[in-house]
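Try each one before you read its solution.

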Amino acid sequence: MQNREALIQKALSKWGGKRQLIVLMEECGELVQAASKILRETPEGITDIEASTNFIEELIDVELMVDQFRAMIPPVVLKDMESRKLTKLSQTLESIQGTN
């Protein structure tokens, strides 16, 4: 099997960004359904083996699709955006820290 990065590049080269964006949307929908099934069928959390296995599979599918788009974005742009989002998360957590 080829390494992860090579497979991601090969998929992008073969199918292109537009098609992969459609697949990303489909995979996100399947992940939402898998999460909903866990909550609907196992209200205490991930306890049903089949539901949790499906959720993990869909999570990996989404991760692989996201990685294809990350490969198209300059690393400096990704790092900058991630830094801004982490700062925002930190600020949100700090603002609600006293409410618990």
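**Exercise 1.** Work out whether R84 is buried or exposed, or in between, and find the side chain that R84 meets in a salt bridge.

*Solution.* Start with the accessibility: R84 has a relative accessible area of 48%. Buried means under 20%, exposed over 50%, and partly exposed in between (1.4 Å probe, protein chains only), so R84 is partly exposed. Next, look for the partner: the side chain of D80 meets R84 in a salt bridge at 3.0 Å, N to O. For the term itself, a side-chain nitrogen of Lys or Arg has to be within 4 Å of a carboxyl oxygen of Asp or Glu. Then place the pair: both residues sit in helix α3, four residues apart, about one turn of the helix. Helices here are DSSP runs (H or I, at least four residues), numbered from the N terminus. D80 is partly exposed too, at 41%.

A quick note on the ground rules: this is a predicted model, where local features need pLDDT of at least 70 and side-chain atom pairs count only at pLDDT 80 or more, while totals for chains, interfaces and linings use all residues. Residues are numbered from 1 along each chain as its sequence is written, and side-chain values use heavy atoms, with hydrogens and water left out.

**Exercise 2.** Three salt bridges are found in the structure; trace the network that involves R4.

*Solution.* First, R4 pairs with E63 at 3.4 Å, N to O. R4 is in helix α1 and E63 in helix α2, so this bridge ties together parts 59 residues apart in sequence. Second, R4 also bridges to D67, with the closest N and O atoms 2.4 Å apart. D67 lies in α2 as well, so that pair joins parts 63 residues apart in sequence. Put together, R4, E63 and D67 make a linked network. Finally, check the cover: R4 is partly exposed at 35% and E63 likewise at 37%, whereas D67 is buried at 17%.

**Exercise 3.** Describe the surroundings of A11.

*Solution.* Locate A11 first: helix α1, residues 4–41. With a relative accessible area of 12%, A11 is buried. Now list its contacts (heavy atoms within 4.5 Å): leaving aside residues up to four places away in sequence, A11 touches G16, Q20 and Q68. For scale, A11 and A34 are 23 residues apart in sequence and 25 Å apart in space, C-alpha to C-alpha.

Key:
Helices (H or I, at least four residues) and strands (E, at least two) are DSSP runs, numbered from the N terminus.
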